[in-house]
Amino acid sequence: MKRISVTLIVLISCLAIFSQETIDYLNVGKTKKFGKQKYSLAWSSHPTDYYYIQEWLPKGEAFDNYSQMFTVSLHFSEELTPLIAVQSKAAELDKRGMYDKICNYNIFENGDEYILDFLVSETEDGLVKIVEHDVHHYKQVTSHGKKALQLTFISERSYGDDIMPFLNSLKDRRENVITDLTQMNIKCRVK
């Protein structure tokens, strides 16, 4: 009986967590438009006093099988600069490139802002199952008089037989994705 009670408590706790409303901590809106695609706020978190993250998905998509995801995060720090953040992510991608043969990236500097454009993949039994293209935009912002690193990014994925058409279309779209992301004027305002 004790085991059933513990299991029931755990299930009720999980249901409460998953039924919570997604909060727009950054006050940037529950919907976003990027290119021609509309996104709805699907997940948000404020795990520490100095870090916020929010993710938007197109209607009907889920995190385990998305085609596109839009993300904004805000990290309050006096030391964390866009340069340090982009170098850290590039180092992570360099390590990944040791086993992910598709992994590659380019870094673009725009004043004190950085854009990281990269491609990664997941394989299973020697076959590429997922290809992901991300564009990260790192910039320094001030919120409530405190310095913060704002990361805005778009992630696009393709699966299985759709990978080659996705990669072929990416050649023509990549520059527009980078331009569209860097021209977005997102201003985070935490409470």
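**Strands, pairing and packing**

I began with strand 1, residues 31-34, in what is a predicted model. Lys32 and Phe34 lie on the covered face of strand 1, while Thr31 and Lys33 lie on the uncovered one. I noted the general rule here: side chains in a regular strand alternate between the two faces of the sheet.

Next I looked up the partner of strand 1. Strand 1 runs antiparallel to strand 2 (residues 37-48), and four bridges join them. Which residue of strand 2 is the bridge partner of Phe34? I found Gln37. The hairpin of strand 1 and strand 2 has two residues between the strands, and there Gly35 takes a positive phi near 60°.

Eight strands make up an open sheet with antiparallel pairing, in the order 1-2-3-4-8-7-6-5. Strand 1 and strand 5 (104-110) are the edge strands, each pairing on one side only. I recorded an average twist of 25° from one strand to the next.

Within the sheet I checked strand 7 (residues 127-143) against strand 8 (residues 146-159). They pair in the antiparallel sense over 14 bridges. Val141 stands opposite Ala148 of strand 8.

Last, I looked up the helices on the sheet. Helix 2 (residues 82-96) packs on the sheet and touches strand 5, strand 6 (113-124), strand 7 and strand 8. The direction of helix 2 makes about 20° with that of strand 6. Helix 3 (residues 163-183) also packs on the sheet, touching strand 1, strand 4 (68-76), strand 5, strand 6, strand 7 and strand 8. For the direction of helix 3 I noted about 5° with that of strand 7.

Notes: Residues numbered from 1 in each chain as written. Predicted model: local features only at pLDDT ≥ 70, side-chain atom pairs only at ≥ 80, totals over all residues. Heavy atoms only, no water. Buried < 20%, exposed > 50% of the residue type's maximum accessible area, 1.4 Å probe, protein only. Pairing = 2+ DSSP bridges. Axes fitted to C-alpha atoms, helices over the stretch in contact; angles between N-to-C directions. Contact = heavy atoms within 4.5 Å.
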